Amino acid sequence: MAASSSLSLGELAVRYGCELHGDPAIRIERVASLGTASPGSIGFIVNARWRESLKATQASAVVLDRAMLADCRVAALVHRNPHAVFARIAQELHPLAPARPGRHPSAVIAAGADIDPTAEIQPLACVGAGVRIGPRCVIGPGSVVGARVDLGADVRVHARVTICDGVRIGPRCILHPGAVIGGDGFGHAQDAGQWVRVPQVGSVVLGADVEVGCNTAIDRGALGDTVIEDGVKIDNLVQVGHNCRIGAHTAIAGKVGLAGSTIVGKRCQFAGDSGAAGHLTICDDVIVTARAVVTSSIDKPGMYSSLFPAEPAQDWRRFVAEFKRIARLRARVKELERAAGRGHVEESGS
Amino acid sequence: MAASSSLSLGELAVRYGCELHGDPAIRIERVASLGTASPGSIGFIVNARWRESLKATQASAVVLDRAMLADCRVAALVHRNPHAVFARIAQELHPLAPARPGRHPSAVIAAGADIDPTAEIQPLACVGAGVRIGPRCVIGPGSVVGARVDLGADVRVHARVTICDGVRIGPRCILHPGAVIGGDGFGHAQDAGQWVRVPQVGSVVLGADVEVGCNTAIDRGALGDTVIEDGVKIDNLVQVGHNCRIGAHTAIAGKVGLAGSTIVGKRCQFAGDSGAAGHLTICDDVIVTARAVVTSSIDKPGMYSSLFPAEPAQDWRRFVAEFKRIARLRARVKELERAAGRGHVEESGS
Amino acid sequence: MAASSSLSLGELAVRYGCELHGDPAIRIERVASLGTASPGSIGFIVNARWRESLKATQASAVVLDRAMLADCRVAALVHRNPHAVFARIAQELHPLAPARPGRHPSAVIAAGADIDPTAEIQPLACVGAGVRIGPRCVIGPGSVVGARVDLGADVRVHARVTICDGVRIGPRCILHPGAVIGGDGFGHAQDAGQWVRVPQVGSVVLGADVEVGCNTAIDRGALGDTVIEDGVKIDNLVQVGHNCRIGAHTAIAGKVGLAGSTIVGKRCQFAGDSGAAGHLTICDDVIVTARAVVTSSIDKPGMYSSLFPAEPAQDWRRFVAEFKRIARLRARVKELERAAGRGHVEESGS
């Protein structure tokens with residue numbers, strides 16, 4: 001992504017409410033990491049472990065909080081949330097390419113599709129009947145927009161995305177390559193050892209500002225809809241089962257799996273490869289750490305875990321062997337207690 | 001999916017062998033959940049936890065078993081397997097759109113491909129040389145059907161599916177967007193710290209009525225074929241390694257991974273994100289629960305698990321710390337036993 | 001993949017430095033597994049468990065090491081690394097189809113793209129502006145090559161691959177269907193309970209001879225590049241986060257997840273569904289076993305694990321219950337020790 005503009009440090013300080021330390025006339029053209037920055041770039045620091053990089057950086061300026069200021073040898077924009085300010089500056093310096101209104105002749109567009117004249121339909125895209133595409137949307141190459149899909153303004157559909165029939169997508173959503181929105185939920189009834197397909201007659205609704213990662217799949221509802229509320233960010237290779245509802249501003253990292261009918265609150269975070277077992281409710285402000293699996297409803301905000309960190313294989317084998325013998329160890333303790341005349345009253349079932 | 005037909009309750013009762021409670025003339029147009037149903041719709045109930053929804057439903061009728069009948073205030077179809085009856089009614093009311101015979105002019109079809117005249121080739125699909133496509137198949141937009149692929153009757157290939165060269169697919173299979181059938185298996189021989197690619201000369205064979213979910217990958221065999229038997233249902237983002245064989249009517253939920261040469265029996269169930277380590281055999285009627293990993297062959301039907309449910313993070317950290325100290329605890333117990341003159345004979349290796 | 005050539009056993013022995021036992025004039029046309037082989041084929045054996053198949057094989061010849069020779073009833077090529085020799089023979093007998101120079105008329109190619117005349121652009125592919133495509137590359141049907149992408153010689157891009165803007169790919173890389181190289185990293189700054197997108201201005205660089213599996217996603221860097229060094233082999237449905245660096249000749253099996261900024265050494269192996277938590281460094285020659293998760297840096301070569309094998313569900317439930325009560329068990333042991341006048345000095349924190 002090439003930088004497309006340049007701004008003075010003074011403009012940036014005013015626009016983002018930062019305290020400026022340095023020459024307001026310095027021109028900033030691009031963002032960079034502290035370690036590789038060159039003049040004309042701006043970096044940021046949020047973690048003291050990068051302090052040495054801060055001291056040595058060749059960036060023209062750095063966004064940081066007051067605690068870091070003493071170690072900054074170049075111009076600085078001081079703000080209590082340097083990461084967010086940096087993100088906004090980066091968006092300004094490296095904006096998404098604007099939609100180039102029009103339809104590539106290789107795209108296949110059903111008669112009667114209602115496409116705003118400011119939208120861009122890129123090569124080899126396919127747009128179905130009854131579709132409505134809002135202003136300034138971009139439909140990437142090879143993407144398929146099914147029948148009766150509704151896209152709000154400024155939606156970005158990257159290359160090779162599939163949006164299935166009837167899905168509704170709010171303004172400013174970004175869908176990354178390979179994402180599939182609205183595939184059939186996994187619904188099958190068992191009958192005499194065989195499976196009978198249950199048609200999935202619901203749809204998927206994405207709110208505003210939702211982002212969906214590469215090769216992620218969000219299934220349509222069985223009867224009602226699968227709903228992703230405003231501002232939810234979903235990473236790559238995530239599976240969202242039918243009838244899930246994800247609360248606003250929740251973030252879901254790569255490889256997460258949410259089984260059907262999981263209800264997730266607002267501002268939750270699912271770390272990489274974590275998940276939920278389905279048919280349960282998770283309240284607002286829950287953090288599920290990497291690879292943890294939620295198997296019952298959570299009604300208390302906080303952090304939840306179930307990961308064992310990798311250990312040297314021979315240690316691990318021993319740990320697992322010990323784990324499977326705890327019951328025997330407990331029986332031995334009970335026996336010692338009995339012999340010592342200490343009738344320990346165990347909890348029920350122990 | 002809009003309802004495409006309407007049936008009387010009497011017709012439904014006869015067709016699916018249900019006991020009818022209510023007016024046989026009631027017209028049913030669509031399926032719905034009990035909670036959101038309106039007149040003209042039919043719902044179902046299989047779990048007593050939804051009893052209140054049953055009592056309050058606005059559906060015109062409900063499919064249920066005898067135990068629920070007393071709480072039903074509307075017409076009822078009584079059957080011992082309400083879910084399967086409901087699935088069949090839903091299929092009838094919400095059928096797949098029939099194939100519209102013909103080839104979209106934007107599709108690229110190799111000379112000599114043998115495509116049944118009743119099949120439909122949608123926009124921007126690509127069909128290779130030597131392909132055979134059976135009656136009433138639908139090839140979705142942007143899908144790629146490789147050379148010498150063979151599709152039985154009534155196969156549904158949704159948008160953006162890849163079927164690699166030489167794959168054979170049985171009648172009535174459904175392939176969801178982004179699925180890849182017949183990619184190369186992961187075969188590499190080690191040689192002096194580098195990897196030598198092993199050509200994967202086998203193929204993939206899908207039986208009848210197989211369903212493959214969004215962005216799922218089923219690899220072709222290294223020498224023989226990867227085989228998915230009749231009626232197997234595979235959800236999204238599943239990985240099936242080369243030379244696996246999945247027995248008939250097995251169901252595989254989202255994010256499951258089966259390493260190469262896993263042999264799975266009939267009527268097994270793999271819950272979400274479970275898996276098998278490869279080069280092993282699992283007998284018929286095995287259920288692997290969510291996230292469990294099978295690491296050695298199973299010859300006894302039943303349910304297998306290895307998941308730890310998520311716990312509050314501070315509890316979890318304590319559990320893991322205790323887990324890693326079991327051996328020390330056991331040594332202390334042994335010492336107590338020795339001091340008490342109780343020479344406990346431990347199992348070998350303990 | 002049909003065999004495309006035939007070679008004599010004598011030629012093979014010379015070419016791959018094997019000791020030949022048998023008639024050098026025997027013609028070999030294809031590879032096969034020992035159990036299904038017929039005359040004209042060559043098999044291999046590396047594991048004594050297949051000894052009975054070796055004794056009974058109908059193959060014309062077998063590649064094996066000296067220890068297996070006595071059980072071979074047909075011609076043999078003896079080598080200390082039979083798998084690697086077999087892989088090379090298989091590559092020769094079953095080569096990739098050569099590129100057929102030219103551009104299918106349905107492909108959409110931006111003006112000024114620099115495509116070597118020996119490269120092949122297959123149907124419905126899309127090639128962006130400023131792209132450079134090297135000699136003998138093949139761009140598969142439906143694939144999208146973004147702007148300014150650079151492909152070295154002999155790169156194979158299979159069907160429906162996405163290569164995002166600016167990605168650089170070394171010679172002889174193979175990208176399997178559905179792979180996405182260079183999607184945006186998952187970068188969002190938190191601000192008052194909402195997420196601010198951080199533009200991902202880095203790219204992805206693949207070295208020579210890298211292989212990327214079906215529906216795998218490799219994200220572009222946030223500021224610097226994501227780098228995959230020479231000879232790395234990546235299987236299906238793998239997630240590689242932004243700014244990862246994977247050392248040369250590392251192998252990554254299906255469903256692995258590497259969170260952002262994971263640095264992996266050379267010749268490592270990640271088994272199926274294993275992963276790393278990000279912002280950590282793993283040294284050369286580390287093996288991470290199936291489903292293990294590395295959560296802190298590793299500076300010692302060797303094998304690392306954290307998998308619990310599946311157990312019968314009722315046993316497993318008991319194990320987990322015991323696991324959560326270890327602390328209580330330890331308290332009881334401490335009490336016994338106290339009563340016995342054995343003031344055990346526990347490790348800190350226990």
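This is a predicted model: local features need pLDDT of at least 70, side-chain atom pairs count only at pLDDT 80 or more; totals for chains, interfaces and linings use all residues.
Let me begin with the sheet, which is open and has 12 strands in the order β8(A)-β11(A)-β14(A)-β17(A)-β20(A)-β25(A)-β28(A)-β31(A)-β34(A)-β37(A)-β39(A)-β40(B), with mixed pairing. At its edges stand β8 (102–103) of chain A and β40 (311–312) of chain B, each with a single partner strand, so one side of each is left without a neighbour in the sheet.

Let me turn to the charged side chains, where the structure holds 76 salt bridges over all chains. In one of them the side chains of A:E229 and A:K266 meet, at 2.9 Å from N to O. Here A:E229 lies in the loop between β27 (226–228) and β28 (233–234) of chain A, while A:K266 lies in the loop between β33 (262–264) and β34 (269–270) of chain A, so the pair ties together parts that are 37 residues apart in sequence. A:E229 is buried, with a relative accessible area of 16%, whereas A:K266, at 33% relative accessibility, counts as partly exposed.

In chain B, there is a salt bridge between B:D285 and B:R267, whose closest N and O atoms are 2.9 Å apart. This pair links distant parts of the chain, 18 residues apart, with B:D285 in the loop between β36 (280–282) and β37 (286–288) and B:R267 in the loop between β33 (262–264) and β34 (269–270). Both residues are partly exposed, B:D285 with a relative accessible area of 33% and B:R267 with one of 35%.

What about contacts across chains? A:E322 forms a salt bridge with B:R330, the closest N and O atoms being 2.5 Å apart, and because A:E322 lies in helix α4 (residues 313–323) of chain A and B:R330 in helix α5 (residues 326–339) of chain B, the pair joins two chains. A:E322 and B:R330 are both buried.

There is also a network of salt bridges that links A:K255, A:D273, A:R291, B:K255, B:D273, B:R291, C:K255, C:D273 and C:R291.

Finally, on symmetry, chain A can be laid on chain C with an RMSD of 0.0 Å by a turn of 120° and a shift of 0.0 Å along the axis, which is the relation of a three-fold axis.

Technical notes:
Residues are numbered from 1 along each chain as its sequence is written. Chains are lettered from A and ligands numbered from 1 in the order in which they are written. Side-chain values use heavy atoms; hydrogens and water are left out. A salt bridge is a side-chain nitrogen of Lys or Arg within 4 Å of a carboxyl oxygen of Asp or Glu. Helices (H or I, at least four residues) and strands (E, at least two) are DSSP runs, numbered from the N terminus. Buried means under 20% relative accessible area, exposed over 50%, partly exposed in between (1.4 Å probe, protein chains only). Copies are superposed by least squares on the C-alpha atoms of residues with pLDDT of at least 70 in both. Two strands pair if DSSP finds at least two bridges between them.
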